[in-house]
Amino acid sequence: MIILMYHNFYRHKGHGDVLGITLSEFSDQLCWMQDQGFCFIKPADSVEVNDKSVLVTIDDGLKSSLRALDIAGNLSVPTLSFLISKQLDGSDDDYISAGDIDSTPDGSYYASHSHVHVLHEDLSRWGRDLECSYQVVSSLPRSLPHHLAWPWGYWYPQLREIARNAGFEHQYGAYPGALREMTSGLIMPRIRIDGDKSGDFKSALLYWTSGNSSVETKLRLFANTCKGFKRGYLNITKSQ
Ligand SMILES: [Zn+2]
């Protein structure tokens, strides 16, 4: 199984944000996966998966993702959106508000991406942030309150425990890899799809679903090539 991680969506090419792709690219990718026999899974606490299973996740809850949710809905592709729960109050036009969620397709599910998307300095602040986010997300329609995507892909062992105490049994990271089953207590790898990589989307998909990849090897490769997530990776190695 692979978990895809999207962020931002645009109507047209030409935006500088490397975390975004166009809506037509998104639509093309979903259609291509359907043609290739990939099976889109509905997110749940427990699902049976195989090498061809794909879960579509979208981070940050940006307003632009509402159009992507409609595209996915029209293609009967379930999605899991990780929301920055504080933004649900509607005070920032760039983000989905709680009211927006009512009119999203039936296959749109929601989970937490922390309350404020800040890397807190101390553990007690993390605890309060995550407890608050759990509460807010639990009250949404089609919510999966036990699921958390770490902001910036960042976590370390004590944080993982704090998140579990706050109710998050399924935690998602931001390093690439395939997953054999959805198991609680694991930081689940995800394949980031963005403006840099959408060009080789098909080869990336086939690469990660070929069944011969070791998550650990890929983690090391990734840490060497991607500065942005190096800190999270170093914290992972420290625990071993
Ligand atoms: Zn994020």
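Guide: Two strands pair if DSSP finds at least two bridges between them. Helices (H or I, at least four residues) and strands (E, at least two) are DSSP runs, numbered from the N terminus. The model is predicted; local features need pLDDT of at least 70, side-chain atom pairs count only at pLDDT 80 or more, and totals for chains, interfaces and linings use all residues. Residues are numbered from 1 along each chain as its sequence is written.

Strand β7 (residues 108-112) runs parallel to strand β8 (residues 143-149), and 2 bridges join them. Within this pair, Y110 is opposite S143 of β8.

The loop between α4 and β8 holds R142. The phi of R142 is near 50 degrees, a positive value in a residue other than glycine. Most residues other than glycine have a negative phi. A residue is buried if 20 or more other C-beta atoms lie within 10 Å of its own, exposed if 12 or fewer, and partly exposed in between, with C-beta atoms placed from the backbone. R142 counts as partly exposed because it has 17 C-beta neighbours inside 10 Å.

S76, in the loop between α2 (65-74) and β6 (79-83), likewise has a positive phi, near 60 degrees. Its 12 C-beta neighbours inside 10 Å are why S76 counts as exposed.

As for the core, a nonpolar core is a set of buried Ala, Val, Leu, Ile, Met, Phe, Trp, Tyr and Cys residues joined through C-beta atoms within 7 Å. The largest one has 56 residues, of which I2, I3, L4 and V54 touch the most other members. Strand β1 (residues 2-6) supplies the largest share of this core, 5 residues. Beyond four places in sequence, I2 touches V54, A178, L179, I191, W208 and T209, where contact requires C-beta atoms, placed from the backbone, to lie within 7 Å.

Terms used. Contact = placed C-beta atoms within 7 Å.
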